[in-house]
Amino acid sequence: MSLPIVIIGSGFASYQLIKTIRRTNNDCPIHVFTNDSGDDYNKPDLSHVFSKQQSPEEVVTLSGGDFAEQYNVILHRHTLVESINPEQQTITANGEQYTYDKLVLATGSHTFVPPFHGDGCEDILTLNSLKEFSAIQQKILDAKNILVIGGGLIGTELAMDLANAGKMVTLVEPNSHLLANMMPDFISLPLENACKEKGVTVNLSDCVQAVNKQEQGYRVTTSNGHSYYVDCVISAAGLKPNTQLATEANLMVNRGIVVDSNLQTSANNIYALGDCAEIEGKVMAYLQPILLSANALAKTLLGTDTALALPNMMVKVKTPNYPVQLAGNTSTDIERWSVDIDTQGVCAKAYDVNNQLTGFVVTNERVKNAFTLFRELNTTN
């Protein structure tokens, strides 16, 4: 029997890779190692679990056991991979050694919790996986007042979802406007207003400094002197790739695990994709680049070297009270904006110094124009 493809991780990237492989090859052995139950679910759905009153079981689309059976993989559940030996092409997991033909690191990312003062910091919650959702669900359900750290994509979506679930929510963001790394302030202002209309207290240009236990909750203080008494604190301050295994195996690691156009790391027969991979100097924790990466890597693992080509990608901000879609470059080196605003929303186009369309943002009813603009963007780039 030939040596297996070994995949570390059971998130979206890992399972998308397996599904793609199995479309053309159902025989090559695949082993998946995961430190959780290995259930198949869509992580972006976690942004809406509280307003939809969902349980962890309802988020799962396929149990780990059913996934393993349906896609003919050997699933090593609740198994911690301790080390990788690139020279011997082995991994060690739960004290046992396994040999691989090809190794794929799909180790994902973890929520970055900034360093704060106070004795309540160890109780700060994160929501970046089904496992974390299961652990914090009851505490969120019992809470009336919640403070969310971070006004980026995840933090804004989560704050709106909690508000729609009837919670009193405070959102603290160090930048001067929401989604600052994705869009200019004149577009995010209506999003901020939509948050406020749902009862979210939006505190911009401010940073949490301390989280201290107090009675049955927590006292949160900020650098601008604000003080909030809340039942729990959730960090959505950004994601950091899980690179420890790669670092300890002496693979090249920068912000993420560095890969080439074939998604191969600095070691032969070891690949990386998803939230943990750094492609062309960027870590792209979005569905579209992960889908494209999985499709390209599946072909490579099956014997056809296929270089990954990443076109412009579409990003949806899943805030039902103020839907937003954007693509291309909408945050840096913008020479000018062409903006059309009416009762249906905003359509903003970004242009570079050569007057070439480099990106766009559409909101509210204008999101129906997103795919037309997306085609135009890909034609001009």
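## Sheet, salt bridges and surface patch in a predicted model

Strands β14, β15 and β16 form an open antiparallel sheet in that order. Strands β14 (208-214) and β16 (227-230) are the edges, each with a single partner strand, so one side of each has no neighbour in the sheet. From one strand to the next, the twist averages 20°; axes are lines fitted to C-alpha atoms, and angles run from 0 to 180 degrees between N-to-C directions. Four bridges join β15 (residues 217-222) to β16 in the antiparallel sense, and Tyr218 stands opposite Val230 in β16. Two strands pair if DSSP finds at least two bridges between them.

The model is predicted: local features need pLDDT of at least 70, side-chain atom pairs count only at pLDDT 80 or more, and totals for chains, interfaces and linings use all residues. Residues are numbered from 1 along each chain as its sequence is written, and side-chain values use heavy atoms, with hydrogens and water left out.

The protein chain has nine helices and 26 strands (DSSP runs numbered from the N terminus: helices are H or I of at least four residues, strands E of at least two). Buried residues account for 51% of its 381 residues. Buried means under 20% relative accessible area, exposed over 50%, and partly exposed in between, with a 1.4 Å probe and protein chains only.

The whole structure holds eight salt bridges, each a side-chain nitrogen of Lys or Arg within 4 Å of a carboxyl oxygen of Asp or Glu. Three of them, including one that reaches strand β14, are tabulated below.

| Pair | N to O distance | Separation in sequence |
|---|---|---|
| Glu122 and Lys213 | 3.6 Å | 91 residues |
| Asp340 and Arg366 | 2.9 Å | 26 residues |

Asp275 is buried at 11% relative accessibility, while Lys43 is partly exposed at 27%. Glu122 is exposed at 65%, and Lys213 is partly exposed at 43%. Asp340 is partly exposed at 40%, whereas Arg366 is buried at 7%. Shared partners join Glu122, Asp123 and Lys213 into one salt-bridge network.

Phe186, Val339 and Ile341 make a nonpolar surface patch of about 250 Å². Such patches consist of residues with over 30% relative accessible area and no salt bridge; like charges are joined within 9 Å, and nonpolar side chains (Val, Leu, Ile, Met, Phe, Trp, Tyr) within 5 Å. Areas come from the Shrake-Rupley method with a 1.4 Å probe; for residues, only the protein chains shown count as cover. Phe186 belongs to helix α6 (residues 185-197) and is partly exposed at 32% relative accessibility.
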